[in-house]
Number of protein chains: 2
Amino acid sequence: MAERIARARIADVAREAGVSKSAVSFAFNQPSRLRPETAQRIREVAARLGYRPHPVARMLSAGQTATLGIVTPQPLDRAFANPFFALFTQGVARVAEEAGFALQFISPLEGSLDRALGRATVDGILIIGVGDRHPEIDALRRTSLPVVVVDAPPWLDRSALAVDDEGGAREAARHLVSLGHRQVLIVSMEPPSLGSEVRESVMARRLRGYRGALVSAGSDAEASPWVVVAPASFEGGEAVFLTAWQDGRRPTGVLAMSDVSAIGVIRAARSVGLSVPRDLSVVGFDDLPFTAFTDPPLTTVHQPVEVKGEEAARMLLQGIADAGSAPRRQVLATGLVIRGSTAPAPAVGTPRLEVMAHA
Amino acid sequence: MAERIARARIADVAREAGVSKSAVSFAFNQPSRLRPETAQRIREVAARLGYRPHPVARMLSAGQTATLGIVTPQPLDRAFANPFFALFTQGVARVAEEAGFALQFISPLEGSLDRALGRATVDGILIIGVGDRHPEIDALRRTSLPVVVVDAPPWLDRSALAVDDEGGAREAARHLVSLGHRQVLIVSMEPPSLGSEVRESVMARRLRGYRGALVSAGSDAEASPWVVVAPASFEGGEAVFLTAWQDGRRPTGVLAMSDVSAIGVIRAARSVGLSVPRDLSVVGFDDLPFTAFTDPPLTTVHQPVEVKGEEAARMLLQGIADAGSAPRRQVLATGLVIRGSTAPAPAVGTPRLEVMAHA
DNA sequence: TAGGGTACCTAAACCGGTTTAATCGGACGC
DNA sequence: GCGTCCGATTAAACCGGTTTAGGTACCCTA
């Protein structure tokens, strides 16, 4: 029913107030150019008609949108399935809002990031989780908008922000090694999209860290069949551990590249009768807030996710404000947080039997 | 340095291809109106110049933005602090993307939702968590855009979507009562903004459910000094329980209006030497995915958060597509999920002493 | 009383597209 | 041989604002 009243335009206000369009515009943007009474009268008429300048029109003539775009390689619902992304967004949002910028999410439209980008009304782009071999990387490169690349190798002439993935991963692996673990399963993350090869991605850097520490400890991981891939989600971690278990893998430790998959692994481990951390040690990555409350509390690699979001937003805002500014690069520190999901490796030979007894 | 190349405009392509602006536009939107070779040539020139139609200009003449707006009464970083919001967003995103719509978040700009709304370039608005006494409710009411109100009483002529908050809360309270709890602390949520009175808000409905069950069981809650308010966050729940404890409150059960504050309560309870659920039973609300993995697993009221997002998006899309359609109202079911954070109330008199012994 | 400011307001151009109405040349029918 | 219709293309209007360049009227000064 609700007789949708057509939105009042500037011309309506002008006619009603008996002035020109320009006068109406001035009344709002440069009142000093009008006689006070005139400006006042115009504002009253505008209020009466419920007039609001059309934001799209304003954007068009202003040539800017006051909006930051966050590009993800996955559909948005999948991106938000990892709390990591929400946390990162928090950081971005805090800085963006402070600067009066809105937030828009840009995810592949009908499978195409390129198309999505073409439709995005933003002043700058924040790219997260897109490997440098992403099939549409060229589309992203071509953009004339300011860009900050997060968690990926810096592109030519673009600002980049990352964390010390390799160092954090190495620390995690060393921790397991020092606890006596030699049979270690690495749970990598699913590449964001099919065909996107991994060269300098987050996954690759963490893997290097894990491997470096494991190999130098003489772990079986040097043969590298112990790496499995799963989506960064509870279910992903659960499924991948179960599969590995069925394939006959009997690790005493798991290095997961995300907290959510680590939690999934723990659930799966329990379902096959393993006790964490007695039979199986699990290390996550990210240190999301809830990992301090899980059962057991998760040992994980901390990375400053919110700060990463804040800093990325700041870099981008600067790139927008000062188009000529040189690209900046920044790497934030990571560090292992030891909680309750890791313990000394069980004595060789026993875990399997013990498990059987439990099952 | 990166000599930012000015974006190619339609006029540039037209000049370069030796045709009119209209021809260029047709080449992309109605190629049938052009001779095939002409269209092809124009497209080649466009590709060479890296031309992309300016999305803002397109929006302006098209009169639509293909974007859904999500309005929150709080700054975005605070909204995302509750995983509930990310989960809801997942649902919205799934449906929106499928329909080719982008997502924009609208939060108070410089404290004003009204101003933020005026700047939002969206085709429809999804409002979540805004009570009907919100100071800027009128600004929202006046919007000529299609609106779906989530988790709030329906406004005149607006579609609304909610869950059975009262029923779920009642079930939670009855559960505690049936376990013998009579000293129950209710942890409400902080109202989204100062001065926004609560009449038919989520908080009010849940409170009614809690109280109804408690009062009929003869709990002390009828005097109602046992309701405390906290932000929906880990820290919020933690702080509020500690304060209540210091004020001399000695509940045997806690009914929290969000999972995150419930988890915070559990942490606080432990810090004063209580064991959950032996000394204190805690019930959350929302049933966020991670609550199945907490220590102990959380007993909580399930609400279909993602489905709520999906359904809200669907309702809104329909309102956009069919402006004349009648407003719809929908209420989704809730239900208690009993896990490990609730247990029979400790025998009267003992808990306090036992606690002391622990501390 | 003409020239120069100043205060106030308007006409018109512009932002970058889309769309409707008009133009032009050639093929066709009678 | 002339009117008509059609296909291909363009000019111009439009979306709804902002902004620049004027244009009046009035006052002050020489």
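**View 1. Val149(B) stands opposite Ala160(B) in strand E5 of chain B.** This is a predicted model, in which local features need pLDDT of at least 70, side-chain atom pairs count only at pLDDT 80 or more, and totals for chains, interfaces and linings use all residues. Residues are numbered from 1 along each chain as its sequence is written, while chains are lettered from A and ligands numbered from 1 in the order in which they are written. Strand E4 (residues 147-150) and strand E5 (residues 159-163) of chain B run parallel, joined by three bridges. Strands (E, at least two residues) and helices (H or I, at least four) are DSSP runs numbered from the N terminus. Two strands pair if DSSP finds at least two bridges between them. Strands of a sheet pair through backbone hydrogen bonds, either parallel or antiparallel.

**View 2. An open sheet of 12 strands includes strands of chain A and chain B.** The order is E11(A)-E5(A)-E4(A)-E3(A)-E1(A)-E2(A)-E2(B)-E1(B)-E3(B)-E4(B)-E5(B)-E11(B), and the pairing is mixed. The edge strands are E11 (329-332) of chain A and E11 (329-332) of chain B, each pairing on one side only. Neighbouring strands are turned by 20° against each other on average, direction ignored. Axes here are lines fitted to C-alpha atoms, for helices over the stretch in contact, and angles run from 0 to 180 degrees between N-to-C directions. Helix H13 (residues 305-321) of chain A lies across E1, E3, E4, E5 and E11 of chain A. H13(A) runs at about 175° to E5(A).

**View 3. Strand E2 of chain A pairs with strand E2 (residues 102-106) of chain B.** The pairing is antiparallel, over three bridges. Leu103(A) is found in E2(A), and its bridge partner in E2(B) is Phe105(B). Leu103(A) counts as buried because 22 C-beta neighbours lie inside 10 Å. The cut-offs, with C-beta atoms placed from the backbone, are 20 or more other C-beta atoms within 10 Å for buried, 12 or fewer for exposed, and in between for partly exposed. Not counting residues up to four places away in sequence, Leu103(A) touches Leu68(A), Ile70(A), Val92(A), Ala93(A) and Ala96(A), and also Leu76(B) and Phe105(B). Contact requires C-beta atoms, placed from the backbone, within 7 Å. Ala262(A) lies 159 residues from Leu103(A) in sequence and 30 Å away in space, C-alpha to C-alpha.

**View 4. Chain A meets chain B through 50 residues from each chain.** Elements giving two or more residues to the chain A side include helix H4 (55-62), helix H6 (83-98) and helix H12 (259-271) of chain A. H6(A) gives the most, with seven residues. By class, the chain A side has 28 nonpolar, 11 polar and 11 charged residues. Nonpolar means Ala, Val, Leu, Ile, Met, Phe, Trp, Tyr, Cys and Pro; charged means Asp, Glu, Lys and Arg; the others, Gly among them, are polar.

**View 5. A rotation of 180° superposes chain A on chain B.** The shift along the axis is 0.0 Å and the RMSD is 0.1 Å. That is the relation of a two-fold axis. The same surface serves both copies: 100% of the contact residues of chain A recur in chain B. Superposition is by least squares on C-alpha atoms of residues with pLDDT of at least 70 in both copies. In chain A, Thr294(A) comes closest to the rotation axis, at 2.0 Å (C-alpha).

**View 6. DNA strand C is surrounded by 27 residues.** The closest are Ser61(A), Ile10(B), Ser22(B), Ser25(B) and His54(B). Near means a C-beta atom, placed from the backbone, within 6 Å of the molecule or strand. H2 and H4 of chain A and of chain B each supply at least two residues of this surface. H2(B) gives the most, with six residues. The surface has 11 nonpolar, 10 polar and six charged residues.

**View 7. DNA strand D has 28 residues around it.** Ile10(A), Ser22(A), Ser25(A), His54(A) and Ala57(A) come nearest. H2(A) provides the largest share of this surface, six residues. The classes divide into 12 nonpolar, 10 polar and six charged.

**View 8. Six strands of chain B form an open sheet with mixed pairing.** The order is E7-E6-E8-E9-E10-E12. E7 (227-230) and E12 (335-337) of chain B stand at the edges, each with a single partner strand, so one side of each is left without a neighbour in the sheet. E6 (residues 184-189) and E8 (residues 253-256) of chain B run parallel, joined by four bridges. Val184(B) has Gly253(B) as its bridge partner in E8(B).

Conventions
Contact = placed C-beta atoms within 7 Å.
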